[in-house]
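Could you walk me through how to read a few features of a protein model? I would like the general idea each time, and then the case at hand.

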Amino acid sequence: MTGAEPTGFLYPFLDRAERDEAGLLAALAASGRAKAEASATITAEALAAAAPLLADAAATIAQRIRAGGRVLTIGNGGSATDAELAAASFARPPTGRSVPARALVDDPAVLTALANDIGVEAVFARQVAAAAHPSDVLVAFSTSGNSPNLLAAIAQAHRQGLYTLGMAGHDGGAMAQCAELDCCLVVRAQSVHRVQEAQDGLLDALRHAVQAALEDLAEEAAEPKGAP
Amino acid sequence: MPGTLEEASTEEPFEPLARAALTLARRVAAGGTLFSAAPAWPWHAQHVAVEFVHPVVVGARAVDAVAVPAEDPVGWLRPLARRGDVVVLVADGADRTARRLAARAALWGVTSIWLAVGEPPPVGAAHHVVHLYPDPAASFSGRAVLGYHLLWELSQLCFEHPGLLAPGPSTDTAETACVGDHCVTCSDEGRLGEVLAVAGTTARCATERGEEPVDTGLLGPLAPGDLVLIHAGVALQVLPEEALLREESVLAGELPR
């Protein structure tokens, strides 16, 4: 495994490990517990660091939703499934109002047509060009922050007037330096797995904040105006 | 705000997770395919598959892993699955489709690992049950992402111990058919079978023991997919699909009479 994830405790019994099933199971359980604890710590730190940015982003997203916008989500690999999860969490939340959202990752005909005819760097940017309205919001999921097709889509969305939000890991990569990205939430961890788990927590926080901001906007609109 | 696994569950999931990871590694090492299914949350099934097919850690073993479509996973998996394969389910314990899939998979010789979010499934609903998080409303993913990441990471650790990848005691009998007062595979009670093909009054049936010919002369016409109660090579009764959803699961050794 990677050097960042210590597994040295497995080695003292390596000589006899090949018969020590109970020892392996105990080491696996301990490793799982340690990783879950690391995940919780990294998630809590990412939420704390992102809190001010999240509040501003949620207010902006809510205004755009109120104006008829939608949340469009993108990502590659496991982050593509996180983009699907994000769209579902907005559109079909377990509680609270639903937010119009769709993932641009789940149609193999569209993805393979664009990848084959133009190139993989175009698979999201071309969909944004075709589908996005100026009031929409683009949410990009990455762990490296360096995926060219995400950066291309962010640039395209910015040109069309969308609000752009990115989630990245490590040091944020190119997304952290991207002028076209309105909000970049960085999970400062090295493990791709721990980054995605923290992004899962950030997504929950973002969705709840957008739902709350939409409730506030609805209440403001319902209040009588101009009363003496 | 998401909690840790420890806060989330009164019973720690890490020991069941460790046994599940070792079983998964053993099935894969023996040539089995890993299937993933999440009937209500297809993105989780896809994430599990890509995790194993294209590992993020350079040099990690690439595993034959396939996400089963959320629409009719039983129908998709039946012709694909082979004995010795393994299916990872990501589902609420109350998910009837997941319950049916785990029960059918046992008849096909496919080991089931249920990463349960929300309600825990009934005892014996799958060979391995890892209960991750009791409150799906608190986190949209139910922390399932953490659960299958850990399953991948722990199974990778198992691959570093090839001597332990042969079948062993803790992952091949625990939580399977021989729990409960009267184990169907050890007594003279009936066993569950799924009809694979019919020829006259004989049907080839899939059971947990393997495929076997069964005399169906006592019953009316049968069709592939039918569930039957088998005793001494004879099909005694056609069982409804709901038999797979009883609280006393077929995997716990209890069968309807």
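Q: What should I know about the model and its numbering?
A: This is a predicted model, where local features need pLDDT of at least 70, side-chain atom pairs count only at pLDDT 80 or more, and totals for chains, interfaces and linings use all residues. Residues are numbered from 1 along each chain as its sequence is written, chains are lettered from A and ligands numbered from 1 in the order in which they are written, and side-chain values use heavy atoms, with hydrogens and water left out.

Q: In what order do the five strands of the open sheet in chain A lie?
A: Strands of a sheet pair through backbone hydrogen bonds, either parallel or antiparallel. Strands here are DSSP runs of E with at least two residues, helices are runs of H or I with at least four, and both are numbered from the N terminus. Two strands pair if DSSP finds at least two bridges between them. In chain A the order is β2-β1-β3-β4-β5, with parallel pairing. β2 (101–103) and β5 (183–187) are the edge strands, each pairing on one side only. Five bridges link β4 (residues 163–169) to β5(A), and A:Ala168 has A:Val186 as its bridge partner there.

Q: Which strands does helix α2 of chain A lie across?
A: Contact means heavy atoms within 4.5 Å. Angles run from 0 to 180 degrees between N-to-C directions of axes fitted to C-alpha atoms, for helices over the stretch in contact. Helix α2 (residues 21–66) lies across β1 (71–75), β3 (137–141), β4 and β5 of chain A, at about 160° to β5(A). Helix α6 (residues 148–159) of chain A lies across β1, β3 and β4, at about 165° to β3(A).

Q: How do α2(A) and α2(B) cross?
A: The axis of α2(A) comes within 8 Å of that of α2 (residues 14–29) of chain B, and they cross at roughly 120°. Residues making the contact include A:Leu28 and A:Gly32 of α2(A), and B:Phe14 and B:Leu22 of α2(B).
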